[in-house]
Amino acid sequence: MRLLRSVEGVAYWAVMAPVLACLPAVLGYQLACWRGDWEFRSRRVKRTALTCNLRQLLGDEIDQDDALRLARQWFRFASCEAIDVMRLRFRGRALRRLVEIRGREHLDAALAARKGAIICSAHFGSYDSAFSLLGASGLSVTTIGRWQHNYTASLSSAERRFWDLVYARRLRRHRHRPNIEPWPGRIGVAAQAAAVLRANEVVTIAIDAPPLEADWARTVKVPFLSSKARFLPGAVSLSRLTGTPVLMAFMYRSADYRHQVLEISEPVQMPPGEGEAAAFARCAAEVSAAIRRDPAHWAYWASGADLSVLGLDSPECDGAEDADKDTIFTDLGIHA
Amino acid sequence: MESVINDYISREIVQDPAVLPLSNETSLLEGGILDSLSLLRLVVFLEERFKITVGEADLLPENFDTVNAICSYLRAREPREQGAARA
């Protein structure tokens, strides 16, 4: 069954999603939602982990019916995200006409100060497509983040090439430079990012990534959802060292599933003298607020291993680990 | 130059007092003294203090592994910087 699902996933990304992306948006995204519904019904373990984690971390805000509704939406979003990536073909116009960018003036104002801009987001909705979309709309965008398929030990070299072809390549072509990939031993990462900012360009980063074990000593624990989570505050450190403003950005999918709104905030206030953890906590609070506003967008609900590294796991949701093994997509950091 | 850089690293970057006093031959990378962000902090300091620009291509472990290596790198830069200034 697991093999069948993997084959279906590969077929979806390699064949179905590119075809659906060429159809009229109303039809393409509707078909993607039906595929999401099928996934919701057939992936019992993952669905159970999702609903359990949703209820544990959102507390009394949702009941079991809400959790099931959100889980269904999560699977639908996951299928739609593949269409978003495929619609980035050529100059990305097919996706750009479905996405309204709000707050672009904050980004333009930040760039007018000629110190670049750091856009912080999370593994939230089509965040990777959103970063590339900013590039497609005329900004020089570079992302700090790992292409996870290159480092997932369980993938063969053929699988790595496959994910590079169907996923990373389509996102990469709208980014100004190759991703700056933080990895233990790569000491030049922050200085590389600073060089990008000095050129008055945009650096994007998803700040909720589970830290690698080698980086645990540098993490800060901040309030997150109904608990506390362990994150790396690198984006804030980079901002402090370069004098670059940090703006938060989240892309929300609308009720019709095809239109989206990319909301860019004003710069996050960072008073001089304030501790790094306190400044980062403000960014994490923005991520928390975005997740509470529309929980199904967050990628990590189904990933017990990632929640555990973040310090958010719950012993009650012991199906979550099995859900991780259910699919290779979780390993890749892809929201499905 | 060595003492200026050693002082800065000892004062601003070292987090574990057990490694102090810092020898000019101590490996900053293997000792875990220098990570990506502290290297950036150091680069910002070097650029301000010695009026240079450290390019991306220069961000190599061999240029920043020890205080002596940093000084060698800076000294190797001097003729280039002077040449650029004359031009």
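## Strand S7 of chain A and its partners

Two strands pair if DSSP finds at least two bridges between them. In this predicted model, strand S2 (residues 117–121) of chain A and S7(A) meet that criterion, pairing in the parallel sense over three bridges. Within this pairing, Ile118(A) stands opposite Val246(A) of S7(A). S7(A) also pairs with strand S8 (residues 260–267) of chain A, here in the antiparallel sense and over six bridges. Phe250(A) has Glu263(A) in S8(A) as its bridge partner. The hairpin formed by S7(A) and S8(A) has six residues between the strands, and Tyr257(A) takes a positive phi near 70° in this hairpin.

Strand S7 covers residues 246–253 of chain A, and eight of its eight residues are buried, so the strand is largely enclosed by the rest of the structure. In a regular strand the side chains alternate between the two faces of the sheet. In S7(A), Val246(A), Met248(A), Phe250(A) and Tyr252(A) point one way, while Leu247(A), Ala249(A), Met251(A) and Arg253(A) point the other way. Both sets are buried.

## Helix H4 of chain A

Helix H4 of chain A runs over residues 64–86, a length of 23 residues. At 1.5 Å a residue the helix should span 33 Å, and its end C-alpha atoms lie 34 Å apart, so the two values agree. H4(A) is mostly covered, with 17 of its 23 residues buried.

The N-terminal end of H4(A) is capped by Asp63(A). A side-chain oxygen of Asp63(A) lies 3.2 Å from the backbone nitrogen of Asp65(A).

## Disulfide and other cysteines

A disulfide is a covalent bond between the sulfur atoms of two cysteines. The count over all chains comes to one disulfide, which joins Cys52(A) to Cys317(A) with an S to S distance of 2.0 Å. The angle about the S-S bond is -85°, and the link of Cys52(A) and Cys317(A) is left-handed. The pair links distant parts of the chain, 265 residues apart: Cys52(A) belongs to helix H3 (residues 44–58) of chain A, whereas Cys317(A) lies in the loop between helix H12 (304–310) and helix H13 (320–325) of chain A. Cys52(A) counts as buried because its relative accessible area of 18% falls under the 20% limit. Cys317(A) is buried as well, with a relative accessible area of 6%.

Cys283(A) is buried, with a relative accessible area of 1%. In chain B, Cys71(B) is buried with a relative accessible area of 0%.

## Overall architecture of chain B

Chain B contains four helices and zero strands, following the pattern α-α-α-α along the sequence. Of its 87 residues, 43% count as buried. The accessible surface of chain B comes to about 4,700 Å², and carbon and sulfur atoms account for 50% of this area.

Definitions and conventions
Residues numbered from 1 in each chain as written. Chains lettered and ligands numbered in written order. Predicted model: local features only at pLDDT ≥ 70, side-chain atom pairs only at ≥ 80, totals over all residues. Heavy atoms only, no water. Helix = DSSP H or I, 4+ residues; strand = E, 2+ residues; numbered from the N terminus. Buried < 20%, exposed > 50% of the residue type's maximum accessible area, 1.4 Å probe, protein only. Areas by Shrake-Rupley, 256 points an atom, 1.4 Å probe, with all protein chains shown as cover. Expected span 1.5 Å × (residues − 1). Polar contact = N/O pair within 3.5 Å; in protein donor to acceptor, adjacent residues only side chain to side chain. Disulfide = S-S within 2.5 Å.
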